[in-house]
Amino acid sequence: MRILVCVKRVPLTGGKMVLTADEQALETRHLGFTISPHEECGVEEAVRLVEHHGGEITVLTLGPPEAEEQIRETLAIGADRGILLADGGEEWDPQATAAAIVTTIETEQAAGGEFDLIVFGNESADSGNYQVGIRVAHALSRPVVTGLKGLSVEDGRARCEQEVAGGRDVYVVPLPAVVTVLEGINLPRYPSVPAKLRARQKPVERISPERPSARLEKLRLVVPPGQGKQAEILGQGPDAAPAVVEVMRELGVA
Amino acid sequence: MTVLVLVEHDGGAVDELSLQALTFARSLGEPEVMLVGGADAVERLDVATAHVAEDERLALYAPGAWASALGEVIDRVAPAAVVAAGTNRGNEVLAHLAARRDLPLAANCTAVVAENSAGGAGAEGGGLLTVTRVRWGGSLLEEARVHSQLPLLSVAPHALPAAVGEGAPAVERFAPAVDDADLLVRVAEHVDEVTAGISLAEAKVVVSGGRGVGSADGFGILEELAALLDAAVGCSRVVTSAGWRPHTDQVGQTGTKVSPDLYIACGISGATQHIAGCKGAKKILAINSDAEAPILANADYAVIGDLTAIVPAITAELRKARSP
């Protein structure tokens with residue numbers, strides 16, 4: 001199988017949201033970065049499919065030059081090569097993001113053949129636009145199934161499972177297809193140290209696309225009210241138990 | 001101006017989140033609704049017109065076909081905006097429509113303003129909409145301008161009250177032109193799964209554990225307390241990543257969103273990822289060894305100290321209080 005996984009670099013936000021002075025971004029000077037959780041599971045899912053069926057995994061990201069770090073993480077758990085669409089540090093809206101991904105996929109497919117499966121996270125942790133995968137699928141005229149908690153491939157078809165009220169909905173679609181996955185579809189593995197070293201040798205191609213003007217134009221970010229409550233301290237250690245039970249009584253849950 | 005709202009239902013009743021979307025739509029204009037099937041579900045809706053797509057092939061959900069049906073109504077009604085609930089299906093159908101028509105989609109909005117509404121023109125006069133939308137699962141908001149003649153907006157769950165009021169909408173049934181491509185992605189099978197115990201999403205009390213619980217076995221004392229309170233056991237993302245608990249127990253932005261009367265956070269530092277999942281709780285009790293942990297800025301009550309001593313002490317105190 002030839003699989004493409006699209007991932008996004010996002011900050012590890014910790015306990016509090018702090019904005020930059022221009023209110024355009026999170027203040028990330030003191031934060032680490034990671035792969036957005038659903039996409040981390042998307043990479044793991046691709047690795048499992050290739051372990052089972054054979055094939056090759058390409059990982060694509062649109063992000064700052066530093067996002068190579070996140071591509072290397074995916075190469076360390078089993079992806080074969082990376083493509084970094086290096087932006088200028090500004091955010092791209094979902095239409096522009098999808099268009100840049102589509103252009104790259106078309107170039108890749110012309111050179112190396114069709115991707116049997118293109119994997120996205122259901123929504124990114126930061127901007128949460130819920131649409132890039134669907135837009136890409138539409139541009140490529142491929143079926144797309146979203147929000148997967150289960151995926152298997154057999155005889156050129158993908159069996160896709162969603163968790164819904166009371167059970168699971170199952171879709172069966174022909175490949176090539178696009179899927180978007182949710183965290184919980186698998187438990188991603190940790191890379192071994194030798195695998196991390198090998199990942200340094202794997203190829204990462206860099207492309208610098210032009211950013212078109214945004215049609216969903218971010219004006220500013222706002223920290224919602226409600227952060228910064230001060231908890232009433234009921235006590236220290238096990239001696240606080242009677243006070244806790246009293247609170248439970250007041251709330252009618254004891 | 002007319003705002004078209006995609007309304008979801010279960011055959012009998014309209015989905016609560018769709019009623020919230022209707023409230024949102026009213027802030028913009030006069031809503032008309034579209035449903036796929038469910039002509040009987042419209043009674044509760046205080047709108048003038050309900051467009052009902054009827055086709056037996058749509059008995060099972062097919063996002064492309066829903067988008068086609070919605071597109072037909074758009075072409076007929078020429079609304080100034082299209083609104084859906086920010087559910088899996090609402091977001092998915094709007095995204096299909098957005099992709100087909102190359103339109104922007106603002107997902108999970110909490111508010112909308114027509115920029116030149118002061119002049120009375122609103123979006124209809126070619127003005128732009130400014131929305132407030134949810135980021136980071138609600139830990140951050142974004143104000144954004146939608147550059148579109150037909151803004152597509154989904155509404156963040158529980159951001160607004162549900163629309164109330166009885167109506168007797170004119171029901172306009174139609175058979176949407178659905179082709180095979182629209183039906184390529186369609187629910188093929190529904191597998192029923194009965195989950196044992198109290199559901200996390202509906203529990204009145206949730207006893208939740210984080211890194212501070214220390215191990216999978218460490219959850220034993222949380223389970224004991226939960227059993228006494230008829231509570232569900234939850235956990236943070238660190239715990240599921242470590243494999244201590246299944247992902248179905250995870251409370252957070254990428255897990256389950258809970259809204260119990262009491263949420264007991266044991267050994268949970270309070271990362272925004274986690275708070276996004278538990279801030280719907282009426283009250284939060286944090287049990288943490290670190291009095292400076294971010295969870296305390298999101299909690300109503302706190303006990304400082306070692307949870308392995310505190311949790312069993314609460315369990316014992318509850319038992320004592322209940323014994324005659």
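**Figure 1. Helix α4 of chain A and its buried residues.** In α4(A), the residues Val132(A), Gly133(A), Ile134(A), Arg135(A), Val136(A) and Ala137(A) are buried, where buried stands for under 20% relative accessible area, exposed for over 50% and partly exposed for what lies in between, with a 1.4 Å probe and protein chains only. The model is a predicted one, in which local features need pLDDT of at least 70 and side-chain atom pairs count only at pLDDT 80 or more, while totals for chains, interfaces and linings use all residues, and side-chain values rest on heavy atoms, without hydrogens and water. Residues are numbered from 1 along each chain as its sequence is written, and chains are lettered from A and ligands numbered from 1 in the order in which they are written. Because 6 of the 8 residues of α4(A) are buried, this helix is largely enclosed by the rest of the structure. Helices (H or I, at least four residues) and strands (E, at least two) are DSSP runs, numbered from the N terminus. The buried residues of α4(A) pack against α3 (94–112), β6 (117–121), β7 (144–148) and β11 (177–181) of chain A, and also against α3 and β5 (105–114) of chain B. Just after α4(A), Ser141(A) adopts a positive phi of about 55 degrees.

**Figure 2. The packing of α4(A) with α3(B).** Helix α4 (residues 132–139) of chain A packs with helix α3 (residues 88–101) of chain B at an angle of about 45 degrees, and their axes are 9 Å apart; axes are lines fitted to C-alpha atoms, for helices over the stretch in contact, and angles run from 0 to 180 degrees between N-to-C directions. The helices α4(A) and α3(B) are therefore oblique to each other, a term for angles that are not under 35 degrees (roughly parallel), over 145 (roughly antiparallel) or 65 to 115 (roughly perpendicular). On the side of α4(A), Ile134(A), Arg135(A) and His138(A) meet Glu92(B), Ala95(B), His96(B), Ala98(B), Ala99(B) and Arg100(B) of α3(B), contact being heavy atoms within 4.5 Å. The residues of this contact of α4(A) with α3(B) divide into 4 nonpolar, 2 polar and 3 charged, with Ala, Val, Leu, Ile, Met, Phe, Trp, Tyr, Cys and Pro taken as nonpolar, Asp, Glu, Lys and Arg as charged, and the others, Gly among them, as polar.

**Figure 3. The aromatic pair of Tyr61(B) and Trp66(B).** A search of the whole structure finds 1 aromatic pair over all chains. The ring centres of Tyr61(B) and Trp66(B) are 5.0 Å apart and their planes stand at 85 degrees, so the pair is edge-to-face; rings of Phe, Tyr and Trp (its six-membered ring) pair if their centres lie within 6.5 Å, and planes under 30 degrees apart count as stacked, over 60 as edge-to-face and the rest as tilted. Tyr61(B) is buried at 4% relative accessibility, and Trp66(B) is buried with a relative accessible area of 8%.

**Figure 4. Lys204(B) in a loop of chain B.** Lys204(B) is found in the loop between β10 (189–192) and β11 (205–209) of chain B, and with a relative accessible area of 55% Lys204(B) is exposed. Leaving aside its neighbours within four places in sequence, Lys204(B) is in contact with Pro260(B), Asp261(B) and Leu262(B). The C-alpha atoms of Lys204(B) and Ser259(B), which are 55 residues apart along the chain, are separated by 7.7 Å.

**Figure 5. Thr74(A) in helix α2 of chain A.** Thr74(A) lies in helix α2 (residues 68–76) of chain A and is buried, with a relative accessible area of 1%. Not counting residues up to four places away in sequence, Thr74(A) touches Ile35(A), Val43(A), Val59(A) and Ala79(A).
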